[in-house]
Amino acid sequence: MILTRTPLRISLGGGGTDLPFYCQKFGASLVYGAINKYMYITVSRRLQKDIKLNYSKTEVVDRVDAIEHPLIKEALKHVGIPNDIEIHSVSDIPSGTGLGSSSAFLVGLLNALYYSRGVKLSSYELAEIASSILMDRLGEPCGKQDQYASSFGNICHLHIDPSGKTTITPVRIMHDVLARLEANLVLFYTGFTRNASEVLLSQKEAAEHSRPDAGEQYACFHEIKRIGEESLKCLESGDLTRFGEYMDEHWQLKKRTTGLMTNDRLDSYYELARSKGALGGKIVGAGGGGFLMLYIEAGHDGLREIMRAKGLIEVPFKFDFEGTRVVYDGNNY
């Protein structure tokens, strides 16, 4: 049996500029942080000549083309495994909550499948293969951020040029700044999920009706990219107060990119948090539900209790610096 552990992620600046409708015209610049909430995938050999899958449902089929789960189907096709395999998945966090679980699932699965064949791919290869499956084969309206975050881990800056060439650079963050960042960033589960593809498609459709040289949609993403680059400077200089303020500026722009980004309930949570001392925050990922991330400086710890009293669930986390890895291969942990 092969067991892989693959991190989920949060976006720390410039999120969304990797979406193809924008990136293919202007390139992307963004900062992500992988976190210690994980997707676990097990792959094992079956004596039967069939395929058994356990995720949110169970499938037992006799051939790859009969698989319903699109990511598993495409991964098995890509690696060239026809049958005699059993796959299980378990996650620390529910799917559809904005932390990149689909990409973590695919990256972890590819890592396990290749390892079972005696092949150890680089983080770059895993990220690129996962991106190709999601964006090219399945036509998902996503970018590359999540696949790279799951593959590499760490807190990194991604630069993607219009041709798709991707450069990944670890953020130069001091240990004391990292400790403050982990202490001051807070994740609250809002209790409901959403379909990320619907939100991303609505952004794409808005862009298609907007002029690249003067349209409102592209203007928002230009500014989101600029704020992301400024946020990177804040992380490297240790100016976390300004970083928190940039989170609010980012969220105000992000809400203008689609009417599906937020709703009255999410807005009420965010405005309450701001009124009680949060410098900034946003709904993580595509938007529309999932996790509310806030930046809260020392002296406003009572805000956590206020949000919990509203029914939100705080999920403590730290950053992950390993990326996807095989944690058990039948012989060694």
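Mentor: Helices (H or I, at least four residues) and strands (E, at least two) are DSSP runs, numbered from the N terminus. What you see is a predicted model, in which local features need pLDDT of at least 70 and side-chain atom pairs count only at pLDDT 80 or more, while totals for chains, interfaces and linings use all residues. Residues are numbered from 1 along each chain as its sequence is written, and side-chain values use heavy atoms, with hydrogens and water left out.

Searching the whole structure turns up one cavity of 30 Å³ or more. The largest cavity holds about 50 Å³ of space. Here a cavity is a set of points, on a 1 Å grid over the protein atoms alone, where a 1.4 Å probe fits but cannot get out, and lining residues have an atom within 4 Å of a point. The volume is the space filled by probe spheres set on those points, which are joined across faces, edges and corners.

You can find the lining by picking out Ser11, Leu12, Gly13, Ile227, Ser231, Tyr246, Met247, His250 and Lys282. By type, the lining has four nonpolar residues, four polar and one charged; Ala, Val, Leu, Ile, Met, Phe, Trp, Tyr, Cys and Pro count as nonpolar, Asp, Glu, Lys and Arg as charged, and the others, Gly among them, as polar. The cavity lies between domain 1 (2-171 + 320-329) and domain 2 (175-314), because both give residues to its lining. The domain bounds come from an automatic or database assignment.

Strands β1 and β2 run antiparallel and are joined by 11 bridges; two strands pair if DSSP finds at least two bridges between them. One place to look is Thr4, which stands opposite Ile41 in β2. Strand β2 (residues 28-45) is mostly covered, with 14 of its 18 residues buried, where buried means under 20% relative accessible area with a 1.4 Å probe and protein chains only. Strand β2 is also joined to β5 by seven antiparallel bridges, and Met39 has Ser91 in β5 as its bridge partner. A further six bridges join β2 to β6, again antiparallel, and there Ser29 faces His159 in β6.

The loop between β1 and α1 (20-26) contains Gly16. With 15% relative accessibility, Gly16 counts as buried. Gly16 is 129 residues from Gln145 in sequence, yet their C-alpha atoms are 8.6 Å apart in space.

Next, turn to the open sheet of four strands in the order β9-β10-β8-β11, with antiparallel pairing. Its edge strands are β9 and β11 (313-314), each pairing on one side only. Strand β9 (residues 280-283) pairs with β10 over four bridges in the antiparallel sense; Lys282 of the cavity lining is listed above. In this pairing, Ile283 stands opposite Leu292 in β10. Strand β8 (residues 185-189) is joined to β10 by five antiparallel bridges. Leu185 has Tyr295 as its bridge partner in β10, and Tyr189 is opposite Phe291.

Strand β10 (residues 291-295) is itself mostly covered, since its five residues are buried, five of five. Phe291, Met293 and Tyr295 point one way from β10, whereas Leu292 and Leu294 point the other way.

Finally, here is the nonpolar packing. The largest nonpolar core has 73 residues, of which Ile10, Leu76, Leu110, Leu185, Phe243 and Phe319 touch the most other members. Helix α3 (residues 101-116) gives the largest share of this core, nine residues. Both domain 1 (2-171 + 320-329) and domain 2 (175-314) contribute at least three residues each. A nonpolar core is a set of buried Ala, Val, Leu, Ile, Met, Phe, Trp, Tyr and Cys residues joined through side-chain atoms within 4.5 Å. In soluble globular proteins, nonpolar side chains tend to be buried together.

Conventions:
Buried means under 20% relative accessible area, exposed over 50%, partly exposed in between (1.4 Å probe, protein chains only). On a 1 Å grid over the protein atoms alone, a cavity is a set of points where a 1.4 Å probe fits but cannot get out, and a pocket is an open set with protein on both sides within 12 Å along at least five of seven lines; lining residues have an atom within 4 Å of a point.
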